[in-house]
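Please keep the sequence and the model in view while reading.

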Amino acid sequence: MDITFFTAKEAPTTFFNQSHDHHHHLHFSNLDMQSSTSHSSEYSPEQSPSAAAAAAATTLAATGKWSSTLLKECARAISEKDSNKIHHFLWMLNELASPYGDSDQKMASYFLQALFCKATETGLTCYKTLVAIADKNHSFDTSLKLILKFQEASPWTTFGHVASNGAILEALEGETKLHIIDISNTLCTQWPTLLESLATRNDDTPHLKLTVVTTTTIVKSLMKEIGQRMEKFARLMGVPFDFNPITNLENLTDLTKEALKVEEDEAIAINCIGALRRVRIEERNNVISMLKSLKPRVLTIVEEEADFISSKNNFLKCFEECLRFYTLYFDMLEDSFVTTSNERLVLERECSRSIVRLLGCDESEEQMGSERREKGKQWSKRLKESAFSLAEFSEDVLDDVKALLKRYKPGWALLRRATITTTTTAAATGEVHERDDDSCGVYLTWKEEPVVWVSAWKP
């Protein structure tokens, strides 16, 4: 995930008030309760909403897992524009949700925020508030610490780093003048291990130019410090090194060959981690074509495995896919960090910003990047249509990835392309069937569910 930095004490939006028990309570005055002509048989609109919701919430919580059911019902009410049901379900969620509670309470808390924004058409205001808080509460040291803690606890990001580095090193083997174009927001945490590998090559140590392209405000402000540290580490490794940050872009569509300072005698590798999903949907093929025009020896792409494109015009389906993806992510955080971990809370709150942007804002309001994720098979189709061909990961690279996963808790696995497994008739026979999903590359799976996709391509 992209790392955004909130302090644990900061409330994520002005629409919430912090109560003594750490529950987030909403102001419902913006909801128009007179517009609906339908009424739910489960409650009376004449009854106090808070009293009815509190009673229903208490009953529901006693049944065990409840958040996904209640959130889906609320999303359905919003999709149907049923104001009475919207109000009722928001009250119920408000009674149960807490960013400091168990996994159900946390999921309810962050999705409640997005649903409230959708219902009251306040998503853009809420999102800008979240951005302002994130911009105000960060520094290089705290940002780096959070990223490294996440990498220590989970292979969510390191999986892509190891696979991409392996593909890049193999593609640039024997070259003396290297140019890596890094389009990501990972604070260059991927590159020290690559520099170490370059320093220990059997032939002469090559010259490396590292161009880092970022469109995220937070990372832009940290580029000077990042560059100084990278230059110091390169000197320590004995690798001739140039650092070329590009921080004046609002969108990747503004990127030019001149800004990248590409030279004819350079062997180029392009590394995109979580970058393409920030490009507007209608501009993605153009960006891929622009990258192809740079004639890279290899293009590596890492994206999270979710489809927020197919359902972008259907709020309820988009909500269900968003809930599916973030349920996996929150489950991973719960298994990777202790309950009291401040890093876990920060990562969860970063999700709230993404969820609000995706579900709480209209498409016309999706400013500062839409983060409309696509699945590996969708990206593969785009790349093939742009005349890229797959560069298979070597067995050596895959062995490195497998060795990486052994350092983490059980539950993680490497899944090769076109072998996404589904268990059908499991209750009856326990048989596992494989199916070809037309994707390329490899997947990181969490509890057998694909969560991150990485691939390598050549023009």
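**Helix packing, core and selected residues**

In helix α4, Lys 106, Tyr 110, Phe 111, Gln 113, Ala 114, Cys 117 and Lys 118 meet Arg 344, Leu 345, Glu 348, Arg 349, Ser 352, Ile 355, Val 356, Leu 359 and Gly 360 of helix α14. Contact here means heavy atoms within 4.5 Å. By residue class, this contact between α4 and α14 comprises 8 nonpolar, 3 polar and 5 charged residues. Ala, Val, Leu, Ile, Met, Phe, Trp, Tyr, Cys and Pro count as nonpolar, Asp, Glu, Lys and Arg as charged, and the others, Gly among them, as polar.

The model is predicted: local features need pLDDT of at least 70 and side-chain atom pairs count only at pLDDT 80 or more, whereas totals for chains, interfaces and linings use all residues. Residues are numbered from 1 along each chain as its sequence is written, and side-chain values use heavy atoms, with hydrogens and water left out.

The chain has 16 helices and 13 strands; these are DSSP runs numbered from the N terminus, helices being H or I of at least four residues and strands E of at least two. Of the 459 residues in the chain, 56% are buried. Buried means under 20% relative accessible area, exposed over 50%, and partly exposed in between, with a 1.4 Å probe and protein chains only. Among contacts between residues at least 6 apart in sequence, 79% join residues at least 24 apart.

Two packed helices are described by the angle between their axes and the distance between the axes. The axes are lines fitted to C-alpha atoms, for helices over the stretch in contact, and the angles run from 0 to 180 degrees between N-to-C directions. Helices α4 (residues 103–120) and α14 (residues 342–360) pack at an angle of about 30°, with axes 9 Å apart. α4 is therefore roughly parallel to α14; angles under 35 degrees count as roughly parallel, over 145 as roughly antiparallel, 65 to 115 as roughly perpendicular and the rest as oblique. The crossing of α4 and α14 is right-handed, a term that applies if the near helix is turned clockwise from the far one by less than a right angle, anticlockwise being left-handed.

Helix α14 also packs against α6 (residues 140–153): their axes come within 10 Å and cross at roughly 100°. This angle makes α6 roughly perpendicular to α14. Lys 145, Leu 146, Lys 149 and Phe 150 in α6 meet Glu 343, Val 346 and Leu 347 in α14. The residues of this contact divide into 4 nonpolar, no polar and 3 charged.

Another pair is formed by α7 (residues 158–171) and α16 (residues 395–405), with axes 9 Å apart at an angle of about 160°. α7 and α16 are therefore roughly antiparallel, and their crossing is right-handed. From α7, Thr 158, Phe 159, Val 162, Ala 163, Gly 166, Ala 167 and Glu 170 meet Asp 396, Val 397, Asp 400, Val 401, Leu 404 and Leu 405 of α16. That contact consists of 8 nonpolar, 2 polar and 3 charged residues.

In soluble globular proteins, nonpolar side chains tend to be buried together. A nonpolar core is defined as a set of buried Ala, Val, Leu, Ile, Met, Phe, Trp, Tyr and Cys residues joined through side-chain atoms within 4.5 Å. The largest such core has 106 residues, of which Phe 111, Leu 115, Tyr 329 and Leu 359 touch the most other members. Helix α13 (residues 315–336) gives the most to this core, with 13 residues. Apart from this core lies another, of 29 residues, among them Ile 181, Ile 270, Leu 291 and Trp 379. Beyond its neighbours within four places in sequence, Phe 111 is in contact with Leu 71, Phe 319, Cys 322, Leu 323, Tyr 326, Ile 355 and Leu 359.

Several single residues complete the picture. Tyr 443 is in strand β12 (residues 442–446) and is buried, with a relative accessible area of 0%. Tyr 443 and Trp 453, 10 residues apart in sequence, are 4.6 Å apart C-alpha to C-alpha. Glu 448, in the loop between β12 and β13 (449–458), is exposed at 64% relative accessible area. Its phi is near 75°, a positive value in a residue other than glycine. Ala 387 likewise is not a glycine and has a positive phi of about 70°; Ala 387 lies in the loop between α15 (376–385) and β8 (389–390) and is partly exposed at 47% relative accessibility.
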